[in-house]
Amino acid sequence: MPEKKVDISKLIKEVYDKIINFFKFKKEILTFKKLVPSEKKEDKILTLIPLLHLDTEEKINLTQEKPFGEIVIEVKR
């Protein structure tokens, strides 16, 4: 658990903006590792949770070929 309180709505918007900006400038595949280059567990968790919300809201599509494999992120248009 994070030691400080986190505004999940703000976090979701920040992650979504980061994804949108990535695709504005690059025409390549976005993976979870590219989105979160940090190896810190807290950074990974604070990105994964907003990604799951965005997928549920059908703003993005998350795919994973195999368990514990790389997660691919696509924007739904």
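Surface patches are made of residues with over 30% relative accessible area and no salt bridge, where like charges are joined within 9 Å and nonpolar side chains (Val, Leu, Ile, Met, Phe, Trp, Tyr) within 5 Å. Ile8, Ile45 and Ile49 form a nonpolar patch of this kind, with about 230 Å² of accessible area together. The model is predicted, so local features need pLDDT of at least 70 and side-chain atom pairs count only at pLDDT 80 or more, while totals for chains, interfaces and linings use all residues. Residues are numbered from 1 along each chain as its sequence is written, and side-chain values use heavy atoms, with hydrogens and water left out.

**Surface patch**

- Accessible areas come from the Shrake-Rupley method with a 1.4 Å probe, and for residues only the protein chains shown count as cover.
- Isoleucine 45, one of the patch residues, is found in helix H3 (residues 41–56); helices (H or I, at least four residues) and strands (E, at least two) are DSSP runs, numbered from the N terminus.
- Isoleucine 45 has 47% relative accessibility and counts as partly exposed; buried means under 20% relative accessible area, exposed over 50%, and partly exposed in between (1.4 Å probe, protein chains only).

**Nonpolar core**

- A nonpolar core is a set of buried Ala, Val, Leu, Ile, Met, Phe, Trp, Tyr and Cys residues joined through side-chain atoms within 4.5 Å.
- The largest such core has 16 residues, and those with the most contacts inside it are Ile19, Leu30, Leu35, Leu51, Ile60 and Ile73.
- At least two residues of this core come from each of helix H1 (8–25), helix H2 (32–35), H3, strand S2 (60–64) and strand S3 (71–75).
- H1 gives the largest share, 5 residues.
- Leucine 51 is in contact (heavy atoms within 4.5 Å) with Val15, Ile19, Phe32, Leu35, Ile60, Leu62 and Ile73, leaving aside its neighbours within four places in sequence.

**Salt bridges**

- The whole structure has 4 salt bridges, each a side-chain nitrogen of Lys or Arg within 4 Å of a carboxyl oxygen of Asp or Glu.
- Lysine 13 pairs with aspartate 17, with the closest N and O atoms 2.9 Å apart.
- Lysine 13 and aspartate 17 are 4 residues apart in helix H1, so about one helical turn separates them.
- Lysine 13 is exposed at 52% relative accessible area, whereas aspartate 17 is partly exposed at 31%.
- Lysine 34 and glutamate 28 form another salt bridge (2.9 Å, N to O); lysine 34 is partly exposed at 43%, and glutamate 28 is partly exposed at 37%.
- Glutamate 57 forms a salt bridge with lysine 59, with the closest N and O atoms 3.8 Å apart.
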